[in-house]
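Thanks for coming, everyone. Let me put the structure up, and then I'll walk you through it.

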Amino acid sequence: MWARLRLSSLFGLTCGLLWLCPAAGSTCPVYQTLLCQLKNMAKKDFLKAFMTDQGLNSPHLNETCTGSSDFPVTETLKDLPPVTFLQTVSQTVRLIEQKLNEPVFKRMHIYLQGIDNNVCCMLQALLPAPAACPAPASRRTLSPTPTVGSFSWKLERCKIIQSYQRFMEAVGKVLETWGASPGQRNRKRRSLLNVLLGQRRKVRAG
Amino acid sequence: MNLCKMLALWTWIVQALFIFLTIDSVGGGLLKPCGHIIPESPVVAPNTTFTAICVLDEECLSEHHLNANQIFWKIKDTRVPKEQYTILNRTAASVTLEDVSSLGSPLTCNILLYGQIEQNIYGIQIRVGWAPEKPKNLSCIVNGQSNMKCQWDPGKETHLDTTYVLKSEWPTRQLTDCIPPPNVNNSCTVDMVVVYVNMDVWVVATNVLGNVSSDRINFDPIDIVQLLPPYNVTVSNSKEISSILKVSWANPVDKPFEGLKYNIRYRTKDASDWTLIPPEDTASTRDSFTVQYLKPFTEYVFSIRCMNREGRGFWSNWSAESSGVTYEAKPSNAPSFWYEIDPSQGHGYRLVHLKWKTLPRSEANGRILDYEVTLRGGKTSHFSRLINDTKMTLNITNDPYVASLKARNIVGSSDPSTLTIPGHDFKAAHPITNLKAFPKDNELWVQWTPPNEPVNKYIVEWCVFSDNLPCTPDWQQEGSATKLTYLRDLMESKCYLITVIPVYDDGPGSPQSVKAYLKQAPPSRGPFVRTKKVGKNEAVLVWEHLPIDDQNGFIRNYTIFYRTSSGNETAVHVNSSHTEYTLSPLTSDTLYMVRMAAYTDEGGKDGPEFTFTTPKFAQGEIEAIVVPVCLAFLLTTLLGVLLCFNKLDLIKKHIWPNVPDPSKSHIAQWSPHTPTRHNLHPKDQMYPEGNFTDTDVSVVEIEANEKKHLPEDLKSLDLFKKEKITTEGHSSGIGGSSCMSSSRPSISSNDESESGQNTSSTVQYSTVVHSGYRHQVPSVQVFSRSESTQPLLDSEERPEDLQIVENGGSGDGASPRQQYFKQNCNQDEISPDLPHFERSKQVSSVNEEDFVRLTQQQMSDQRSQSSGSGPMKDFEDISAADNFGASNDGQIQRFETIGLEAATDEGMPKSYLPQTVRQGGYVPQ
């Protein structure tokens, strides 16, 4: 009876893991591969193609697109613990994904999903528990967007993509500091809360 | 008006509705089936068992009083055997089919109404197909940045509607399925694939018989990226540097990565092999590349491909080819330069045909504008001319000249090619040695050993060696270090006469030639063989060598095939240098068919067949048979004739009766005390010619001076002896002679006619039987009275003669009668040179008489013995006689001698036949 109970428990645990793990049929690559993939994905430039496609490929428009970003910058990210860093990346990517949920950004949208996939796999490589992958973020209600194709829409999307580029640039820089194995990263660990508090302090001071 | 129209319309609608409802109610009742089949639309795999159930409606059962027992099944028009039915209940019956695929469709459920009316209840269409096979060999490739095309092997045809879905997923999420376009079951293209994210891909095949998934493949799409090739490839040259070309291109824009590396390949336009620029030189992203060390004025073709600089993924396809030409440079080599001299010119001049080859493009380094020909020597110290052609004819003196040639293009001139044209009296020398020509790798190679003297260059000339065409030589120039080269643009199966001429500072050397084929072939025809001489057991075949144009190669050997009409064919191999062969041994009197094949290294060709018949006899064989036979016949005839002559007396003896000669009768011989006769000398005592003509004469001489004591019983014979002596001068035996042709009565015996002529009185002779008639030896010597009318002996008639004989004897004191005899019969006086033995005959007549006396008796016994040696003596006598004369007289004399000899040998006369007379007379006896 005891053995039967244990077997059933094991079966239930397995099923639970399979249910929890999104990759039911596919397996994540190894950490090193994931790290390499994320680094390469961070280099992807969507802004140039967008500017070209939308006719925004002029110097002053580039400046117009450049603005403040709501996403964490390098200084913020580099101090985060790996898991927190990865979770931050995942949340940020999902946020951008929500903002660019339009057919014209379908390719970028899928690409962001791929980044999120690799971040998730990286978290699995760092954490023993399969629940490390952040749950899909609830869709936030976005502010009304301009008409698709309008200049204001283009500017707004341009800013988002620009922010994304800067964010991913920061992510890439952080990942460059990561070692070939998960335990090689030697840095001062701070909690996300401290990071956020420090960031708020900077804002208030500035 | 409108109202009417409205009413008409409504009327029409109502009528149409009525008809529709009527048809619907009636049709529904008529077409309603009485049952159905389960399953309705079956799909069955081949070689599987299929069961169908026919269920009858209760309404029909009650209406028509039916039950399931009345159900029967049909496939098309063929009823299924009842053994395959199963009655499930009152309303249902099933049928089980073992292999539906071989039976076809449709399958119908039927019922027999009222026991005899077949009524179809329901029918189904059975579809036969396979479940999908597991897709195999799944592979994917990312084209450009986002599109990923996956391919797989769907397996065998299912014959059913089968869907293939390419599924993919990331570790964290399922991706959108890829559905192949219609009628495509082995590939699908996924849009917007994300690189740097590992994904699983697999194929699911589904049809009504099931579904199956392929094996999964997991990859990062970046590892299967194949970019589009670079485009807009251009090639440009540089006027400053004729050995470089710059290649430019545009990189593919739609790529998931930035870093690229390239492969750049190039080749000359006419070449097929590419040269690849070292990859390390093109391992970074770029859009142009300068290629160095190229040949001037040469067109090059370029092609480029690219891939991820990191080496992940695949090389793109090669770009479209683009070509460019390097700029010109001055000719790198001097043209090949040679000449011919036509000596048939005026006194002191000759025509020189200068000729040269156009430079190959690789050496011309540009477009050749013209050639500069310079001539030095002779009366014209310097001569220069620009010419566009590749030949020039000059009329020069017999002095030596030096000609030089330059090729010019837009950049410059080539180095000069110099040639010494020797003087008229120049004698070429120093040839090359060991000249050989052989085919290899579809080229005709020429090899030689250089002479010891330094050579400037070699000229190789060649032409087709033909019986019909003149030798029109082509030529090429080789460098001084060349010992082996090959000839270009040759034809197969042609004999080439190749000449190599070394060229020295002072002029050309002695040429050497060799014949060769680029590729041999069997001869075009075989030799025409014929016979030169046909013998009984052999035949001499002759043929002529094939013409050069028909040989197609070096004739290595001939093969002669010959056979009889019924025999096996025999082959004889003959050396190619021969034109004649003797076939032997052959069978006489036989028809032979012979043909001949000539062989080169590549095979042979038969010539026409030639037939001949061997004779039955060899030449001279008939003559060898006929001549000896004729000679033998002639010899036999001659021997026969000689034998006849030799045995004439024997023949006569058998043919004519041997009448005893009365003249031979001797009383003394009858006495048993008759003295022994002297032996007759065999040869040297032959009677001289003309002494006697009668072979049957026996001469008994009794010398008068010689006092012999005769036995008493023989004394009585003295008289007779005298008579004999006397007779000697008058009688010569049978046939008579000139001696006996005298008017005086002869004592020749038994010549009755003569006796009849000479005497009219009838004298009775006593018959002397000496040795018996016909070899009958008388036991007692008897005297009998002869009834012959022949005249008596002289001695008997004239006793005085006997007295004279007795007194005078023989010798000088011969009686006139004897003299007369000698004058008429003996030719001693006429021919004093007669042989000795002839004269000795006369002298030894007494000895012969003795011989007659002493051997008279013995000879009768020895007659047969002596006759055996007679013929040999006769031959000797003939030979001896031949030595003395060849006249007719001589022949006659020989016959007489033979007859005499025969008479002396046998010791007695045996017959009396007419005889030829030496003096030409003939005296009948």
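First, the ground rules. This is a predicted model, where local features need pLDDT of at least 70, side-chain atom pairs count only at pLDDT 80 or more, and totals for chains, interfaces and linings use all residues. Residues are numbered from 1 along each chain as its sequence is written, chains are lettered from A and ligands numbered from 1 in the order written, and side-chain values use heavy atoms, with hydrogens and water left out.

Now the interface. Chain B brings 21 residues to the contact and chain A brings 25. Contact here means heavy atoms within 4.5 Å. The two chains bury about 1800 Å² between them, and 53% of that is on carbon and sulfur atoms. Buried area is the accessible area (1.4 Å probe) lost when two parts are put together, summed over both. On chain B's side, B:Pro171, B:Met192 and B:Tyr196 supply 34% of the area that chain B buries against chain A, more than any other three residues.

What about salt bridges between chain B and chain A? The count is 0, taking a side-chain nitrogen of Lys or Arg within 4 Å of a carboxyl oxygen of Asp or Glu. Polar contacts do turn up: 4 residue pairs, both at pLDDT 80 or more. That rule wants a pair of N or O atoms within 3.5 Å; within protein, one must be able to donate a hydrogen and the other to accept it, and residues adjacent in sequence count only if both atoms are side-chain atoms.

On to the cores. A nonpolar core is a set of buried Ala, Val, Leu, Ile, Met, Phe, Trp, Tyr and Cys residues joined through side-chain atoms within 4.5 Å. Buried means under 20% relative accessible area, exposed over 50%, partly exposed in between (1.4 Å probe, protein chains only). The largest core has 90 residues; A:Phe85, A:Ile115, B:Met148, B:Leu166 and B:Phe302 touch the most other members. Its largest share, 11 residues, comes from helix H8 (residues 151-176) of chain A. Helices (H or I, at least four residues) and strands (E, at least two) are DSSP runs, numbered from the N terminus.

Last, two residues. A:Ile160 lies in that helix H8. A:Ile160 counts as buried because its relative accessibility is 10%. A:Cys65 is 95 residues away from A:Ile160 in sequence, yet 8.5 Å away in space, C-alpha to C-alpha.

B:Ser94 sits in strand E7 (residues 92-97) of chain B. B:Ser94 is buried too, at 5%.
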